[in-house]
Amino acid sequence: MTMDGKTVLITGSTDGVGRYVAGRLAAVGARVLVHGRDRERGAGLVDEIKQAGRGDAAFYSADLSSLAGTRQLAQAVMADHKRLDIFINNAGIGSQTSGPQRRTSADGHELRFAVNYLSGFLLARLLLPLLKAAAPSRIVNVASLGQHPIDFDDVMIAKGYSGSRAYAQSKLAQIMFTIDLARELAGSGVTVNSLHPATYMNTTMVRASGIAPISTVEQGGAAILHLAEGDDVAGKSGLFFNGMNEAKVNPQAYDADARQRLRALSLELTGLA
Ligand SMILES: NC(=O)c1ccc[n+]([C@@H]2O[C@H](COP(=O)([O-])OP(=O)(O)OC[C@H]3O[C@@H](n4cnc5c(N)ncnc54)[C@H](OP(=O)(O)O)[C@@H]3O)[C@@H](O)[C@H]2O)c1
């Protein structure tokens, strides 16, 4: 897919693999909507992209730990753009970010579920008109091989909490949403896929967990770029990739009832029901 004139939103592109992917897509001509919380780092990346003289960039600030902040981001993007060719849903917090303890979002939801999953669910749904206007267009959900089934009696993990379980639950939720949305969007020209970019890339999230990185943002970035612009995945939807290769996921994602429960809950929690 040629990137010239294409508009791409990448959440969490002020740092880590998102920042790398933003630079790469701008370098081949895309207009990149950089998102993060830190205005200084956002402005720095926008300047870098503009000075490189190929694609274009603009910064959007929003805290995705609040549904109001998430809605504001969608509204700002919709105010400035009539179409969105690629939405890379990448922002996230790790299993140990700011400590492994249970915390809640501005809306009272378990924080990893809220930031890693619910905000992306809401953004994707709010931005669908722009994605449909740009069809063929793509949604890429940056998930993980770390996957834990959702206990629908305790989605906010009030009991038996661990940062790892919460992270892995949020990542499986992204994958279940990917399959669910792909079915809904069949025939619309909008595809949606998810992936594990690479294992323990050298990013803030991994360094915060005290784990020695074993891969690079270039490796993980290549896997994200593959789903965002690769010709071989054009028209493919509802799939999960481990790096560059299609892979199976936790069995709960193949359970249509579980996906339906997650969809109903997510619509309710985000006020879209
Ligand atoms: N690193 C790995 O090995 C690995 C493996 C599998 C999957 N992943 C996934 O890859 C994605 C990117 O991770 P990374 O390793 O590049 O992490 P990172 O370097 O820590 O970057 C995370 C990005 O998300 C943003 N973010 C975090 N919380 C936010 C919030 N409440 N509101 C708005 N933005 C927020 C951060 O913004 P700030 O700069 O403001 O914090 C940053 O731009 C994540 O979804 C992660 O789960 C990573």
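A contact here means heavy atoms within 4.5 Å. This is a predicted model, where local features need pLDDT of at least 70, side-chain atom pairs count only at pLDDT 80 or more, and totals for chains, interfaces and linings use all residues. Residues are numbered from 1 along each chain as its sequence is written, and side-chain values use heavy atoms, with hydrogens and water left out.

**View 1. The whole chain and its contacts.** Of the contacts in the protein chain with a separation of 6 or more, 72% join residues 24 or more positions apart. The chain holds eight helices and eight strands, taken as DSSP runs (helices H or I, at least four residues; strands E, at least two) and numbered from the N terminus. Buried residues (under 20% relative accessible area, 1.4 Å probe, protein chains only; exposed is over 50%, partly exposed in between) make up 56% of the 273 residues.

**View 2. Helix H8 and its buried side.** H8 spans residues 256-269. Its buried residues are Ala 258, Arg 259, Leu 262, Ser 266, Leu 267 and Leu 269. They lie on the same side of H8 because they cover an arc of only 165° around the axis, judged by the directions from the helix axis to the C-beta atoms. These buried residues pack against helix H3 (67-80), helix H4 (111-133) and helix H5 (163-184).

View 3. At the start of H8, a side-chain oxygen of Asp 255 comes to within 2.9 Å of the backbone nitrogen of Asp 257. After H8 comes Gly 271, with a positive phi near 75°.

Methods: The expected span of a helix is 1.5 Å times one less than its number of residues. A polar contact is a pair of N or O atoms within 3.5 Å; within protein, one must be able to donate a hydrogen and the other to accept it, and residues adjacent in sequence count only if both atoms are side-chain atoms.
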